[in-house]
Amino acid sequence: MHIPDGYLGPATYGTMFGATIPFWAFASWKLNKTLKARQAPYLALGAAFSFVLMMFNIPVLGGTTGHATGTTLIAILLGPWAAVISVSVALIIQALLFGDGGITAIGANCFTMAIVGSLTGYGIYRLIAAGSDRKNKRRLVAGATAAYVSLNVSALLTAVLLGIQPLIEISSSGQPLYAPYPLAVTIPAMVSGHVLLFGFVEAAVTALVLKYFQRNEPAMLA
Amino acid sequence: MTTTKKLWIGIGILALLSPLGLIIPSLFGAGGAWGEWGAEEFNKLIGYVPEGMQKLAHLWKSPLKDYTVPGQAQGLARKGLGYILTAFIGVAITAGLAYLIANVLGRKNREK
């Protein structure tokens, strides 16, 4: 799901930076007010976890691969704004050091995965988990469902960003300047893998780790 | 052992298992993720490389591109080791940066 350099034209990648920066600013402000110094190690853990989880490429029918992100899990345990920051850090390091995701695409990738992923995942989790006790099974169902849906929303958004390029970024001779595949191709291609497989991996990882926390550190599921 | 310590060990284990992210796809003959091809691959896919992509694709030269250590011999075993090394490097730097940011942000809320 990491968009490389050259797939998004300046109109898109510029807009995405414009969209992402306010969320980063708000997340920073929110954390400034609510984050306790002793929680810093958990932010580091979250970022590291997201980073390493994204290294596990899973093959899917059609010969491509995908991966889970851990975003919803981090949002559930640390809150959505901490997740925005942690996952953004992981994505930025991936782009800068490992060429996983483009530099121009940092805004877009952070928006789809760290921001939309966290907020969607957190929102759905709270909706389904509402009122249930920390150790209740409903929390696990909530986490798994939220993770599944939010990963797919991120995938859909990525597909849209890629798919609109042939509409808005074309040369004078009508040739696409950046990502050349239209929505009719990008949406099925990206969403299918995530709906059929990666979403379930994300859900399973989320539920398993949540279960671990339920047993060992239930306070974090406040 | 504190929970934090256990979790770091968990991440360490994941980092050690990271070559699975290389091995499993190659067992299935799977390529990279959809939409993450290198610019040149478009020649094979659609017969040309889009102009804008040609210009932007090589914008940035990352030091550990694709999670491989430069100058390595090819072959899955070597690549796997490189994966593990870059996983640990990436985890360390990511965790370090996140920790730094969290400390800066949480500065006002110091607890005793």
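In the predicted model, 56 residues of chain B are in contact with 58 residues of chain A. The greatest contribution comes from α5(B), which gives 14 residues. By residue class, the side of chain B that touches chain A consists of 33 nonpolar, 16 polar and seven charged residues.

The fold of chain B contains five helices and zero strands, and its pattern along the sequence reads α-α-α-α-α. For 112 residues the globule rule gives a radius of gyration of 13 Å, whereas that of chain B is 19 Å, well over this value, so chain B is more spread out than a compact globule. Along the principal axes, the C-alpha atoms of chain B fill a box of roughly 65 × 35 × 25 Å. Of the 112 residues of chain B, 29% count as buried. When contacts within chain B between residues at least 6 apart in sequence are considered, 49% of them join residues at least 24 apart.

In chain A, helix α2 (residues 40–53) packs with helix α3 (residues 71–78). Two packed helices are described by the angle between their axes and the distance between the axes. For α2(A) and α3(A) the angle is about 170° and the axes are 10 Å apart. Angles over 145 degrees count as roughly antiparallel, and α2(A) and α3(A) are therefore roughly antiparallel to each other. The contact involves A:Tyr42, A:Leu43, A:Gly46 and A:Ser50 from α2(A), together with A:Thr71, A:Ile74 and A:Leu78 from α3(A).

Helix α4 of chain A covers residues 80–98. At 1.5 Å a residue, the 19 residues of this helix should span 27 Å, and the end C-alpha atoms of α4(A) are 26 Å apart, which agrees. The helix is mostly covered, with 16 of the 19 residues of α4(A) buried. After α4(A) comes A:Gly99, which has a positive phi, near 65°.

Terms used: Residues numbered from 1 in each chain as written. Chains lettered and ligands numbered in written order. Predicted model: local features only at pLDDT ≥ 70, side-chain atom pairs only at ≥ 80, totals over all residues. Helix = DSSP H or I, 4+ residues; strand = E, 2+ residues; numbered from the N terminus. Rg over C-alpha atoms; globule rule 2.2 N^0.38 Å. Buried ≥ 20, exposed ≤ 12 C-beta atoms within 10 Å, placed from the backbone. Contact = placed C-beta atoms within 7 Å. Nonpolar A, V, L, I, M, F, W, Y, C, P; charged D, E, K, R; others polar. Axes fitted to C-alpha atoms, helices over the stretch in contact; angles between N-to-C directions. Parallel < 35°, antiparallel > 145°, perpendicular 65-115°, else oblique. Expected span 1.5 Å × (residues − 1).
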